[in-house]
Amino acid sequence: MTTLAPVMAGLAGALAVAGAWETIAAIEQASVARAASAVLGPLRAAGRQGREPTPPERRRLALTAAATLLGAGWLLAGPVAAVAAATAGPWAMGRLLAARRARWGADLGRAAPGAARALADALAGGHA
């Protein structure tokens, strides 16, 4: 007696691959990357422009850090560690923002002499 199990298994595998391709296409079309960029944009601006996030942006960043640490703590060490990690989320985000702004300020300080020399050379050369 022949069974249809190998045929059904092959069909299930083919459908799984097709479903995975559809999932990838849906993720690419979704605005997940844009949403993540909008949420993490103030963190990027602190490092690139030295801009202090507004209070709503700070709350959103703190909530994102808490949720991320909650998930990571839950996966790695269980619910107790997850709650402990999540409560440290806002503090960690504040430290990260401060570090990025400090690095931006240090980079600006290192670039200032070169910019001043270039400006002095341009003025000495007769440019306005």
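**Figure 1. Glutamate 52 and arginine 101 form a salt bridge with closest N and O atoms 2.7 Å apart.** This pair links distant parts of the chain. Glutamate 52 sits in the loop between helix H2 (32–48) and helix H3 (55–77), and arginine 101 in helix H5 (residues 89–124). The two residues are 49 residues apart. A salt bridge here is a side-chain nitrogen of Lys or Arg within 4 Å of a carboxyl oxygen of Asp or Glu. Helices (H or I, at least four residues) and strands (E, at least two) are DSSP runs, numbered from the N terminus. The model is predicted: local features need pLDDT of at least 70, side-chain atom pairs count only at pLDDT 80 or more, and totals for chains, interfaces and linings use all residues. Residues are numbered from 1 along each chain as its sequence is written, and side-chain values use heavy atoms, leaving out hydrogens and water.

**Figure 2. Glu52, Arg58 and Arg101 are linked in a network of salt bridges.** Arginine 58 pairs with glutamate 52. Their closest N and O atoms are 2.9 Å apart. Glutamate 52 also pairs with arginine 101, at 2.7 Å between the closest N and O atoms. How accessible are these residues? Glutamate 52 has a relative accessible area of 40%, so it is partly exposed. Arginine 58 is partly exposed too, at 34% relative accessibility. Arginine 101 counts as partly exposed at 33%. The classes are buried (under 20% relative accessible area), exposed (over 50%) and partly exposed (in between), with a 1.4 Å probe and protein chains only.

Figure 3. Aspartate 107 counts as partly exposed at 36% relative accessibility. Arginine 110 reaches 59% and therefore counts as exposed. A search of the whole structure finds three salt bridges.

**Figure 4. Tryptophan 104 of helix H5 touches a run of residues that includes Ala46 and Gly50.** Which residues does tryptophan 104 touch, not counting those up to four places away in sequence? They are Ala46, Gly47, Arg48, Gln49 and Gly50. Contact means heavy atoms within 4.5 Å. Tryptophan 104 is partly exposed, at 27% relative accessibility. Alanine 45 is 59 residues from tryptophan 104 in sequence. In space, the two are 9.9 Å apart, C-alpha to C-alpha.

**Figure 5. Glycine 105 in helix H5 lies 9.1 Å from glycine 47, C-alpha to C-alpha.** In sequence, the two glycines are 58 residues apart. Glycine 105 counts as partly exposed, at 33% relative accessibility. Glycine 47 is also one of the residues that tryptophan 104 touches.

**Figure 6. Leucine 43 is a buried residue of helix H2.** Is leucine 43 buried or exposed? At 13% relative accessibility, leucine 43 counts as buried. Leucine 43 touches Leu61, Met93, Leu96, Leu97 and Arg100, not counting residues up to four places away in sequence. Methionine 93 is 50 residues from leucine 43 along the chain. Their C-alpha atoms are 8.9 Å apart in space.

**Figure 7. The protein chain behind these views has five helices and zero strands.** From the N terminus on, its elements run α-α-α-α-α. The C-alpha trace spans about 95 × 45 × 25 Å along its principal axes. Buried residues make up 16% of the 128 residues. Among contacts with a separation of 6 or more, 53% come from residues 24 or more positions apart.
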